[in-house]
Structures are given as C-alpha cells and as structure tokens.
Amino acid sequence: MSDRLEHRGPDDAGAYIDAGVGFAMRRLSIIDIEGGHQPLSNEDGTVVAVCNGEIYNYRELREELQRAGHKFRTQSDTEVIVHLFEELGPRFPARLRGMFAIALWDTKTRTAIFARDRFGIKPLVYSLAGDQFAFSSELKSLVEAPGFDRSVSASALASYLTFNWITAPATIYTSASKLPPGCVLVLRDGVPAIDAFAKPYDGETSLGDITDSEAEEQLISRLADAVAAHMVADVPVGVLLSGGVDSSLITALASRHSHGSLKTFSIGFDDPEYNELAKARRVAAQFGTEHHEIVVRPDIADVTQSVARTLDEPLGDSSAVPTYLVSALAAADVKVALSGDGGDELFGGYNTYVADWLGRWLWPATVLARPAIRRTPDTASRISDRVKRFVEGARLPPLERHCAWLEVFSAEQRSRLVTAEWQDGSFDTLAEHRRQYNAADDLDPAMRLQHLDVTTYLADDLLRKVDMASMAHSLEVRVPLLDFAVSDFAYHLPAHLKVQRFAKKRVLRRVARTLLPADILDSRKQGFSIPASSWLRNDLRPLLDEVLSPAHLTEQGFFDARVVRRLVDEHTLRRADHSRRIWSVMMFTLWADHHGLTT
C-alpha cells in the first residue's frame, strides 16, 4: 500500500507497527526537512500520528502546547497533532488551520482517529471488511489491502455519468468510502463512528449592512493574511498562474512574501479561444515573477492516457489534462505551488448563479419558448446547448434547476447508455446534493447554491483533480482562498456583494482591480478548460476510435456500443457538440482499462 503512494512522498518513508495496527507514510519533505520523519509520537510514544498536508498555524499551536507542558522533539507541523489530541481528544482537528488528512493511534485506549480538513483539500478513503479496517490517501493504494473487493458500484457509475465525478462519501468501489470533508472518524473496537468537527462556514451567516468599501478593506486584509500563511515552507513556493482573476490575485499577494523572485507556471493551447497565456505573461511581468509556460501540442493522446492512469477513480473533468501538465511543469522547479481554486464557489463566479437569478424571473417566458427550443436542431454550438439547458431547467425548483444545468447525462440518457447489468434506476443521484442543500437552510437562496457547489463540485471534482494531478508529480498544491479567514468572510457576505444581476464576484473583482491590470479583469472568463470538442474530432480521434470501438466496449460491458457510436458520429459530423459526454465515457473506459476492470 505504501509503495503505491511513492509519488505522493518520494523523499522519505516511515511505518509504525503495533499489535493488530499498521501505519505507513510517504513523505514529501516541506517543513523541518531533516527532522520531520513520520510517523511522529508524543513524549512516551502512546499517541502516534501521520499527516498528509500542512498545518499553517502550527507555530502558534506549538507555543500554546509548550506552555501547557508538552515537550517537542522536532520542528515539524505534524508533531503538534499528537499533543493537541492529548489536550482536546477527537475534537482536536477543529483547532487546525490547514489542509490535511490525519490518522492517529491512541495506544492507551486502542482507538484510531481519522480526520479530513473542512473543504476536503486532502483525500482520505477507507474500507471496512469483516474485522479489517484499511485507509489511504488514494484508492489505488487501498485496493492493495488484503481481501479488498474491487466490485464497481452501479450507483457510483450513475453519479459519475450525471456530474462527471462521484459524490462523497461514495467511491467507484462498493467496498470503499471517502471520509467527508470536515469530519472525524473514530474507530474503537472495530466500530467506526463519524462526526463533523467543522463545516465550510461557522457562526453568523451574514455581515448585515456592510458597505462595499468596508467589505473590500476586510477582504484584502484577509486575503493577504491567508496567502502569507500558505507561503510558510522550508522549500521554494510558486504559483499556478492561469491568467484568470483568482490566480492572478494570488500571484500579486504572494509576490510580497516570496524570498527572491516568485516562480509562476502557466499552460496554453494553440486554439486562441482557450489560450490565456498572454494574460498570464502580463501578470507575471507586472509582479516580476520568474515565469514558466508550455503550449500543449498534438501528443495529447499520450497525455490523456497518462491522466487516466493517474486517477484512482474515474473523473470526467477535461481540465484534469492542463492541471496534470502545469503540475509537471511546476514540479521541475518547486515542491509547493499556490492555486486560485475556490474563488468562483465562494464569491459567485459561475454563470449558473446568474442563470439562477434569470430563471427565477424568466421561467414563465421559458414555458412559452420551450416547444420552439425543443424543435431547434442540435448544432455544434456550445451557446445553443446552453440556451436549451437554461430553458429546460428554468421550470424546476432551485436545487434541481441548478443541478440540471451541470448535468452531463440525464436519467433518460443514462438508461440508454448503460448496459442492463449496470442499470440502477432506484438510485437518486441528487440525494447527497439535496442533503447539503437542506443543511444550509440558514443561508440566503443564492449562497445555498454556492454552498452546494463548495461541498460537491469543489470537493469531489476540482480539489480531487488538483490533488491527483499535482501529487502524481510530487507537487503540493495549496489553496489560500479556502483558508477559513477568507471562506468564513465569503459565506457571511450579503449576496449582492457576490452576484448582482449579470455581475459576478463583485467584491473580489473590486479588490483585484486595485492590484491587477485592467485587461485581466475586463476579459471574458475562460476557465481552465481545453479545446475538447476539436481534439475529439482531430488529435484524439485515433484514440477515440480505439477506446470506444464496439468490440472494446462490448468486452468491457459497461456501455451500449451503439449509443456511444451514435454520440461519436454526431459529434464528428458536427451535428451536435457531445464533447462533454464523449469525454466522460472515454475517461471511464480508459480508467477501467488501466485498472483491468470488465464486467
């Protein structure tokens, strides 16, 4: 199991063995490089812990624990965990500022405790079979546990085809689960109990009548504090600079705290619609960074297969490709990089939030327009597809409407695509989304949808993608916008300071305007996406024909080959843009190939 995680920690390996208990750790040395060997224990060895991630307030906690009489042997951030547990018990993670997956063993009570940070930046998966409990950072390690059942979950497949990711706590395997973000799992006498120690927001849910200028002043202070905290390391720290507002803002603030020239890393494409390199260069020049960039060339088929091998469960987000490539680029120069993930979810950056506002006002008109829209022939235009999605979803309640706009395959489409053996008509793909939405009933309607994206899309797609892609290259990616100094403030902001009519991320953009070039703020949002539609017709067509051939799909047994062939043919002939659906099926099929799975 440890060997399968060598890419996550090539610098050091450690293990702890007790009667019936084994911990193993692969370490990427970042803080206390010489002395931070894990597992780490308390003074008498009765509490042992391993931690994947970083604790940004470890120095403050260390001083507090020393005043309470605890003795430290290292300068490692992980050592505070064992002493904090001695003081607080299983509630200790609530005091940690950072990103982490933690496993701890208390020899006195023979209790194991596992914890994951409040946003799920770092992964933790586990399985319980009979009297054996196994855990790991990745499923590709967990499957090496003796007796692990690699049966694919039909409900997880339905979740994947609906959203392009598998919603926690499920995994692609029936026998494994993800520990939800912000939760502690206590294992005593072989019985696991899960409890939440934190959620993305705490305390009051609104800052009331805060003014625009007051919000800007508080936000810039909090952003600066978060970035400074995330720069703490005994190795150089860089920034993954996409050229968008969020990563550019992180670059501006990180340049203040960098020892020497800050290193930035960007990726671009030959297709100008998807290329933001010019904006990234503009930001890099303004802040004097040591800038590195690459342009993706036609060997994209090899890269796509490498991404599929990296993923420990299927992920249909095509931005995994540029994330994988920019991580490789950064890893050649630094061990740690900052990213701008979380800004869209926390501050209202997606078009779906504008569409929700429009849908509430325009749904009567969409009822009248629906018959005409349905008669409009499919085209290769993404715009026409979005119009159809908007019209069809506008009539639905808020949760269902929001999810319909994100949907890849509808229930009807899934029923045609998936073979009879893998049908799961009784499974509600919105069950976890509904739970998260209902749990945030104290938030205003707009923020409830943003909270839904934080707890599902951000946690199970974006952060998982970044962790897998970066750690494949032994690169640690930190996410300052998800520091609770920033996230708590974002949750408490009145809705109009985030989204107001067609204006998105209002307060964050106002802050950015004081630091960044105007053309960065005024350009169209592109996102970290790829020219998938074109690639699937051209550069990736040979791979597509091989992977999604009728013979191969029939051999695997998950998908109806005739339905897949119709999608590919319609896309190739430009009768429709099925790129999201085809990419989803292709990545699942490649994943199944690399893991030797058939029905």
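This is a predicted model: local features need pLDDT of at least 70, side-chain atom pairs count only at pLDDT 80 or more; totals for chains, interfaces and linings use all residues.

A residue is called buried when its relative accessible area is under 20%, exposed when that area is over 50%, and partly exposed in between, using a 1.4 Å probe and counting protein chains only. Residues are numbered from 1 along each chain as its sequence is written, and side-chain values use heavy atoms, with hydrogens and water left out.

**The whole chain**

The chain has 24 helices and 16 strands, where helices (H or I, at least four residues) and strands (E, at least two) are DSSP runs numbered from the N terminus. Taken along the principal axes, the C-alpha atoms fill a box of roughly 75 × 60 × 45 Å. The radius of gyration is taken over C-alpha atoms, and the globule rule is 2.2 Å times the number of residues to the power 0.38. For 599 residues a compact globule would have a radius near 25 Å, and the chain, with 24 Å, agrees with this. Of the 599 residues, 59% count as buried.

**Salt bridges**

Side chains of opposite charge can pair when their charged atoms come close. A salt bridge here is a side-chain nitrogen of Lys or Arg within 4 Å of a carboxyl oxygen of Asp or Glu, and the structure holds 33 salt bridges. The table gives three of these pairs.

| Pair | N to O distance |
|---|---|
| Asp11 and Lys335 | 2.6 Å |
| Arg110 and Asp18 | 3.8 Å |
| Glu313 and Lys178 | 2.8 Å |

The side chains of Asp11 and Lys335 meet in a salt bridge. This pair links distant parts of the chain, 324 residues apart, with Asp11 in the segment before strand 1 (12-18) and Lys335 in the loop between helix 9 (320-331) and strand 15 (336-338). Asp11 is partly exposed, at a relative accessible area of 37%, and Lys335 is partly exposed at 26%.

A salt bridge also joins the side chains of Arg110 and Asp18. Here Arg110 lies in the loop between strand 5 (98-106) and strand 6 (111-116), whereas Asp18 belongs to strand 1, and the two are 92 residues apart. Arg110 counts as partly exposed at 39% relative accessibility, and Asp18 is partly exposed at 27%.

What ties Glu313 to Lys178? Their side chains meet in a salt bridge. Glu313 lies in the loop between helix 8 (300-310) and helix 9, and Lys178 lies in strand 9 (residues 176-178), so the pair ties together parts that are 135 residues apart in sequence. Both Glu313 and Lys178 are buried. Elsewhere, Arg8, Lys122, Glu138, Lys140 and Asp467 are linked in a network of salt bridges.

**Backbone details**

Two cis peptide bonds can be described here. One joins Gln38 and Pro39, with omega about 5 degrees, and Pro39 is found in the loop between strand 2 (21-27) and strand 3 (40-41). The other runs from Ala168 to Pro169, with omega near 10 degrees, and Pro169 is found in the loop between helix 4 (154-163) and strand 9.

Asp189, which is not a glycine, has a positive phi near 55 degrees. Asp189 sits in the loop between strand 10 (183-188) and strand 11 (191-196); because its relative accessible area is 71%, Asp189 is exposed. Lys505, also not a glycine, has a positive phi of about 50 degrees and lies in the loop between helix 17 (484-492) and helix 18 (506-513). Is Lys505 buried or exposed? At 6% relative accessibility, Lys505 counts as buried.

**Positions along the chain and in space**

Ala472 is in the loop between helix 16 (445-471) and strand 16 (476-478), and is partly exposed with a relative accessible area of 29%. Ala472 and Arg4 are 468 residues apart in sequence and 11 Å apart in space, C-alpha to C-alpha.
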